[in-house]
Protein chains: 2
Amino acid sequence: MSETKGRLTLPGEHEFYDETKELMRRWGADAIRDSDGTKLEERVKDLDAKIYTTYFVARNYNEFALQHLDETQQIFVMSERTIATSTHMTIEILKGFFTEQIQPNTLEDPKEWWQVHNRTTGELLPVDAWTYDATTQSVTINNVQPFHEYTVNFLAFVMWDPTQMYNHLTNNWGDVPKDIPFDARGPKSWEFMKATLQTWLKNNPKTDVVRFTTFFYHFTLFFNDMKKDKFVDWFGYGASVSPAALKAFEAEHGYRLLAEDFIQAGTYNSTFNEPTQRYLDYIDFQQRFVASRAKELVDMVHAHGKEAMMFLGDNWIGTEPYGDYFASIGLDAVVGSVGGGASLRVIADIPHVKYTEGRFLPYFFPDTFREGNDPVIEASDNWLRARRAIMRKPVNRIGYGGYPSLAYQFPKFVDYVERIADQFRDIIENIEDVKPHANLTVGILNSWGRLRTWQAFMVAHELWYKQTYSFYGMMDALSGMSVDVKFINFDDVKQGALADIDVVINAGQAGTAMSGGSNWNDPEVVSIIRQWVHEGHGFVGVGEPSAYDKSGKFFQLADILGVERERGLTLSSNKYFYTAMEKHFITEDKTQPFESGEPVTNIYATHKETEVIDIQDQNVTIAANQYGRGRGVYLSGLPYSSENARILYRSLFYAAGKETELHRWFSTNFNCEVNVYPAIGKVAIINNTADEQRTTVYDGNGNAHSMILRSEELRWEVLDENSIII
Amino acid sequence: MSETKGRLTLPGEHEFYDETKELMRRWGADAIRDSDGTKLEERVKDLDAKIYTTYFVARNYNEFALQHLDETQQIFVMSERTIATSTHMTIEILKGFFTEQIQPNTLEDPKEWWQVHNRTTGELLPVDAWTYDATTQSVTINNVQPFHEYTVNFLAFVMWDPTQMYNHLTNNWGDVPKDIPFDARGPKSWEFMKATLQTWLKNNPKTDVVRFTTFFYHFTLFFNDMKKDKFVDWFGYGASVSPAALKAFEAEHGYRLLAEDFIQAGTYNSTFNEPTQRYLDYIDFQQRFVASRAKELVDMVHAHGKEAMMFLGDNWIGTEPYGDYFASIGLDAVVGSVGGGASLRVIADIPHVKYTEGRFLPYFFPDTFREGNDPVIEASDNWLRARRAIMRKPVNRIGYGGYPSLAYQFPKFVDYVERIADQFRDIIENIEDVKPHANLTVGILNSWGRLRTWQAFMVAHELWYKQTYSFYGMMDALSGMSVDVKFINFDDVKQGALADIDVVINAGQAGTAMSGGSNWNDPEVVSIIRQWVHEGHGFVGVGEPSAYDKSGKFFQLADILGVERERGLTLSSNKYFYTAMEKHFITEDKTQPFESGEPVTNIYATHKETEVIDIQDQNVTIAANQYGRGRGVYLSGLPYSSENARILYRSLFYAAGKETELHRWFSTNFNCEVNVYPAIGKVAIINNTADEQRTTVYDGNGNAHSMILRSEELRWEVLDENSIII
């Protein structure tokens with residue numbers, strides 16, 4: 001371990017100068033950053049460290065915003081669903097919203113931009129069927145159908161930036177002004193943004209890195225009348241709309257997007273909704289706009305000899321780091337928060353930047369750093385889950401957030417971070433630009449593909465959801481697995497993307513963008529995958545894979561998977577294969593009943609050849625099926641655990657028909673993992689637990705090496721030219 | 001108890017004469033019957049009892065059948081789904097079928113009656129795209145799309161009557177000929193059926209009751225290559241087809257039904273499938289045919305001074321006892337088997353017959369009547385569940401099946417049946433034609449309505465299914481509840497059927513005929529129900545009520561129910577109401593965690609006004625919601641138990657807004673139930689358990705009466721003119 005300094009960013013704090021120096025020395029920090037609401041002291045800026053300064057582009061300037069309210073950011077939202085109880089009705093459009101955040105835009109003609117629907121018939125009402133009363137903020141509809149349900153889609157101003165609103169309300173900021181976000185598409189706003197940054201760059205000579213937090217449009221997040229989330233989609237473009245944007249879109253595409261294109265009957269095009277072509281067109285349009293304007297700002301930063309870093313979150317909409325326009329922004333770096341392996345990979349895999357940085361947990365906040373609590377537990381869990389992913393593709397830097405004075409009061413924690421930092425630098429020194437060997441190439445197939453690389457199954461960033469953890473766990477498992485992972489969509493399948501993939505995974509609930517919904521109604525997709533599996537590849541389905549109700553089938557690839565879901569229409573067709581095999585390759589390392597997560601009910605084997613591997617309460621939870629020279633494997637769900645990661649790993653090998661190759665670069669103990677780096681002739685064996693682990697490691701030649709790994713150990717071994725551990 | 005004889009039918013047995021007389025005396029039997037495969041001795045026929053003789057109309061005459069194979073009964077079946085692996089494919093059409101039962105009909109032109117589908121595209125292939133080879137019993141398709149899925153719909157002869165086949169294989173009948181069923185629509189068969197019955201009637205002067213087992217067409221039941229059920233639908237008309245029938249249908253309706261009208265991509269129009277209008281037309285057509293021909297046979301029976309009884313099962317297709325044509329058959333009686341309350345009501349409620357008879361459990365078969373087993377346990381369970389229903393609407397007679405010599409070896413069982421028989425006669429003597437008071441009128445709303453009265457959620461008659469017990473339990477609960485139950489369909493709703501109903505129940509899985517599927521896409525249905533509830537009625541939804549994917553809603557009546565199902569598309573909309581109320585009217589008598597049966601996942605409350613009453617694993621399992629002057633109640637499932645029956649009873653009262661009327665004719669202990677018969681001034685209080693029960697019974701005036709009921713007790717109390725128990 002020669003590299004003992006660098007690659008770590010420390011948050012700054014007032015009146016914490018000497019301790020900051022101590023932490024810098026012990027943790028090897030080479031950068032200090034401020035936070036939302038805090039500023040660094042001048043003497044801190046003079047320390048031997050890069051200075052990151054948070055910069056808000058589209059908020060934090062209320063004086064300007066209040067003078068240009070017509071350029072306030074906007075959103076399409078839907079009123080509450082309202083049942084008519086007579087032939088006449090009035091809908092209070094703001095009912096249920098947090099009115100300090102959302103206010104109707106009446107500067108533009110409601111008749112042009114708003115829509116009233118009869119949701120019982122699905123009909124859009126003609127504009128002369130309703131009137132808007134700005135005084136009562138309500139829409140009156142005449143001649144309604146009694147006991148039909150109506151809604152109003154309306155264009156609203158976002159009067160409060162959602163992140164600042166959240167921080168403000170959570171931390172009781174009281175009189176702190178509410179940041180009004182302004183729109184980069186507004187000509188005055190755009191000039192203001194540029195001029196302000198120019199001035200700021202001049203006035204902040206000690207800033208080395210401008211940490212954009214972030215650019216122009218916040219992900220969709222609006223509150224309800226309880227001041228809590230009403231809707232949150234970390235990917236949502238809903239709050240990037242405006243008449244100006246829609247008119248520019250129309251000029252370019254030849255058609256006008258309507259409120260309903262964004263509202264989609266209240267689902268608001270969440271990332272779980274299959275994107276319509278119109279929405280995809282809009283995303284592309286808005287990405288181009290964001291990238292071109294962000295580039296101008298980044299160019300200004302560079303002109304001042306500083307680096308431009310983007311925080312992956314908040315106002316990140318349109319940047320899509322895996323999209324077609326991200327490279328053109330010219331960013332130096334991206335920083336994002338790390339909740340586990342998958343979220344680490346979201347950051348680490350971002351192309352076209354000089355470096356990436358992961359903000360690790362725990363935050364130095366009083367909820368964790370309180371008397372009687374041991375923050376090392378959370379830090380260890382976070383580090384071990386992230387480290388798995390780092391071994392596959394490291395971020396280039398790590399960092400922390402919050403109040404370092406809190407962390408400083410926990411010496412064991414300070415010690416622990418010191419060890420993490422050293423280990424991180426050791427890893428980087430070895431493998432920063434070294435590609436690890438991949439035992440398989442896996443393709444995750446969903447409606448988003450590459451655009452949302454590692455971002456499947458996220459609703460609000462890193463929050464746990466009952467409906468997603470059974471799938472998100474699979475992403476976490478893959479993030480640290482010795483396989484290459486590609487993200488493909490259904491067009492990619494048609495364009496030959498399966499050519500360099502060994503196993504395709506399709507996972508998620510029926511009818512969602514994750515499982516693919518209506519794409520399974522496409523005979524071309526279905527037959528390409530069938531042929532590809534039949535010729536000797538693998539298809540792993542999780543949850544409701546390939547689900548689409550057609551021709552008496554629900555899983556359109558039930559023929560590959562060997563299982564189907566009974567939904568009550570084929571009860572008359574008897575099922576017979578409910579006995580699990582006593583032993584199977586996929587579950588050979590299982591130590592306890594399979595933890596399948598949320599139940600997927602009524603999965604049954606379609607024929608006697610299906611290998612029923614695990615069954616719970618008469619629902620098949622693991623199965624496999626030979627299909628020509630290939631195989632299908634079904635898993636009902638896969639919450640993250642070391643044991644489940646092993647079940648997935650074996651499933652992939654089994655699907656690929658490569659069981660005999662499993663014992664290469666393999667640890668018999670699933671709490672340990674093996675990564676090999678042929679270019680440097682090294683192998684890394686990690687213990688993913690805080691306990692000592694005994695295991696046998698098989699090297700690239702199939703030789704077994706018994707070993708004991710200490711708590712959290714990362715052990716480097718050296719290889720000879722035959723891939724044998726020396 | 002003055003009536004000590006009668007109303008009970010005993011099965012006969014050879015070499016059992018004296019014991020038969022003894023059982024007749026002790027059980028008060030006044031009828032003796034034979035069974036499939038057994039004949040009564042002559043001396044038994046001379047006993048003081050009505051003689052029932054089983055009569056098969058469409059089978060049991062193989063000499064005729066073999067000479068008229070062109071009039072063998074027929075069925076449309078679908079080959080296995082087969083994936084093409086090149087541009088050319090051959091499908092062995094019988095693969096997976098039990099070929100002793102199913103054989104292709106090649107007397108008729110396959111090109112006229114068969115269909116080949118590409119199930120991947122959903123397309124029907126032109127007839128010149130394929131050829132049938134009768135030698136190999138296979139269809140060859142040229143120019144297929146590689147890796148698309150194909151099926152062959154073909155017309156087949158049913159070479160073995162399903163019931164006889166089942167008995168034959170189950171009981172190893174060896175050389176007994178396989179009954180070939182012939183078709184009443186075949187001119188020779190019909191003449192044969194009439195002539196044979198005529199002769200038989202002459203030759204069986206001692207027969208008092210001709211027990212038709214049954215008429216012409218068996219419910220759909222075909223076996224697989226393991227000689228087990230491949231498909232079974234107790235309601236299926238699939239095995240009633242023939243070119244003759246379809247041509248007659250065409251002549252009448254002006255259009256030809258196709259194989260796919262019956263096959264429906266392999267679901268075969270099971271009773272859980274929403275019926276198409278074409279299938280409904282066919283059912284109606286076939287009912288008229290069956291009724292008219294059955295009438296001719298029944299008339300012949302009457303002409304010989306005998307009674308005609310129909311067994312409800314086996315070849316009962318087309319009789320539909322709750323349909324429009326049943327009355328015209330002119331039957332004297334119907335007999336059917338009783339598995340519990342709902343199946344008792346299936347028989348007991350049949351209109352237009354002089355009497356009904358329930359065949360009770362256990363059968364006198366060696367599986368139950370074996371050393372070490374106590375058959376009284378099954379008998380008691382069967383009787384107590386049936387008795388609840390009898391108190392609402394009695395069958396007129398009871399009976400048993402099997403070998404009485406077996407039962408005779410169990411004196412405790414003989415004693416028990418003696419008590420059942422006496423109690424049954426006591427009940428009948430009191431209430432045979434007396435309508436019990438109903439505290440509410442409940443409408444069960446599904447796609448079938450009255451036609452399938454009490455027959456919802458049955459797949460194979462009385463078999464337990466994982467996917468249905470949570471709904472069937474509700475039917476069982478209602479069968480003995482002091483409410484009137486009507487069965488209505490969606491047309492009935494539009495024609496005003498809600499007028500005399502207090503509470504509508506809609507239950508079942510999404511997309512099935514039970515919940516109603518696409519009917520919930522009908523604004524008229526939805527708005528009629530909304531208005532009706534709003535004006536002060538109740539809507540109880542069980543499972544996935546009103547489910548149809550439309551306008552961003554899944555439960556189209558979520559506004560009434562106050563709950564919705566999250567299917568992964570609205571994860572971005574936060575849910576907040578996951579705390580169950582501590583106490584609620586509906587669960588006031590609950591003694592243990594609610595047994596909701598199969599999980600219905602991701603049910604959530606839509607707004608804070610929803611009364612969340614029970615929640616399990618973050619799925620709402622019981623909820624209620626005020627809706628105008630009415631209410632919605634949601635139950636995720638309701639397997640039968642006394643406790644669940646009480647939860648349903650209270651749900652109905654709550655939905656109807658009649659909580660204050662609950663304590664009329666009410667037992668505080670849910671193991672006891674109260675039925676009142678105003679016309680005779682009596683109330684019956686039953687103990688539904690084998691244990692002694694303490695309870696407080698409220699009479700019609702609200703007076704409380706504490707009492708202790710013995711094991712299984714039925715207690716009659718007398719009322720004064722103010723409905724007070726004297």
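**Note on selected local features of chains A and B**

1. T214(A) sits in the loop between strand 13 (209–212) and strand 14 (220–223) of chain A. This is a predicted model, and the points below should be read as such. The peptide bond from T213(A) to T214(A) is cis. Its omega is near -10 degrees. Most peptide bonds are trans. Please look at this loop in the model.

2. Chain B has a cis bond to check as well. L361(B) and P362(B) are joined by a cis peptide bond, with omega about 0 degrees. P362(B) belongs to the loop between strand 18 (355–359) and helix 12 (375–392) of chain B.

3. Next, backbone phi in chain A. Most residues other than glycine have a negative phi. S551(A) is not a glycine, yet its phi is positive, near 50 degrees. S551(A) is in the loop between strand 24 (547–550) and strand 25 (553–555) of chain A. Is S551(A) buried or exposed? S551(A) counts as buried because its relative accessibility is 17%, and the cut-off for buried is under 20%.

4. Q618(A) also has a positive phi, about 60 degrees, without being a glycine. Its place is the loop between strand 28 (611–616) and strand 29 (619–627) of chain A. With a relative accessible area of 37%, Q618(A) is partly exposed.

5. S515(A) is a buried loop residue. Its loop runs between strand 22 (503–508) and helix 17 (523–534) of chain A. S515(A) has 0% relative accessibility, so it counts as buried. Which residues does S515(A) contact, leaving aside its neighbours within four places in sequence? They are F490(A), N506(A), A507(A), G508(A), Q509(A), A510(A), W520(A) and E544(A). N506(A), A507(A) and G508(A) come from the end of strand 22 (503–508) of chain A.

6. Now a helix pair in chain A. Helix 11 (residues 341–348) and helix 12 (residues 375–392) of chain A have axes 8 Å apart and pack at about 40 degrees. Why are these helices of chain A called oblique? Angles under 35 degrees count as roughly parallel and 65 to 115 as roughly perpendicular, so helix 11 of chain A and helix 12 of chain A are oblique to each other. The crossing of helix 11 of chain A with helix 12 of chain A is right-handed. G341(A), L344(A) and R345(A) of helix 11 of chain A meet R385(A), A386(A), A389(A), I390(A) and R392(A) of helix 12 of chain A. By class, this contact of helix 11 with helix 12 of chain A has 4 nonpolar, 1 polar and 3 charged residues.

7. Helix 6 (residues 187–203) and helix 9 (residues 277–303) of chain B pack at about 20 degrees, with axes 10 Å apart. That angle makes helix 6 of chain B roughly parallel to helix 9 of chain B. The crossing of helix 6 of chain B with helix 9 of chain B is right-handed. Helix 6 of chain B brings W190(B), K194(B), L197(B), Q198(B) and L201(B) to the contact. Helix 9 of chain B brings R293(B), E296(B), L297(B), M300(B) and V301(B). The contact of helix 6 with helix 9 of chain B divides into 6 nonpolar, 1 polar and 3 charged residues.

8. An open sheet in chain B has 3 strands in the order 6-11-10, with antiparallel pairing. Strand 6 (88–92) and strand 10 (130–133) of chain B are the edge strands, each pairing on one side only. Neighbouring strands of this sheet are turned by 20 degrees against each other on average, direction ignored. Strand 6 and strand 11 (residues 138–142) of chain B pair over 5 bridges. Within that pairing, E92(B) is opposite S138(B).

9. Strand 30 (residues 630–635) of chain B is largely enclosed by the rest of the structure, because 6 of its 6 residues are buried. G630(B), G632(B) and Y634(B) point one way from the strand, and R631(B), V633(B) and L635(B) point the other way. Strand 23 (residues 538–543) of chain B runs parallel to strand 30 of chain B and is joined to it by 5 bridges. There, V540(B) has V633(B) as its bridge partner.

10. Strand 29 (residues 619–627) of chain B runs antiparallel to strand 30 of chain B, with 6 bridges between them. Y627(B) is opposite G630(B). The hairpin of strand 29 and strand 30 of chain B has 2 residues between the strands. In this hairpin, G628(B) has a positive phi near 60 degrees.

Methods: Residues numbered from 1 in each chain as written. Chains lettered and ligands numbered in written order. Predicted model: local features only at pLDDT ≥ 70, side-chain atom pairs only at ≥ 80, totals over all residues. Heavy atoms only, no water. Pairing = 2+ DSSP bridges. Helix = DSSP H or I, 4+ residues; strand = E, 2+ residues; numbered from the N terminus. Axes fitted to C-alpha atoms, helices over the stretch in contact; angles between N-to-C directions. Parallel < 35°, antiparallel > 145°, perpendicular 65-115°, else oblique. Left-handed = near helix turned anticlockwise from the far one by under 90°. Contact = heavy atoms within 4.5 Å. Nonpolar A, V, L, I, M, F, W, Y, C, P; charged D, E, K, R; others polar. Buried < 20%, exposed > 50% of the residue type's maximum accessible area, 1.4 Å probe, protein only.
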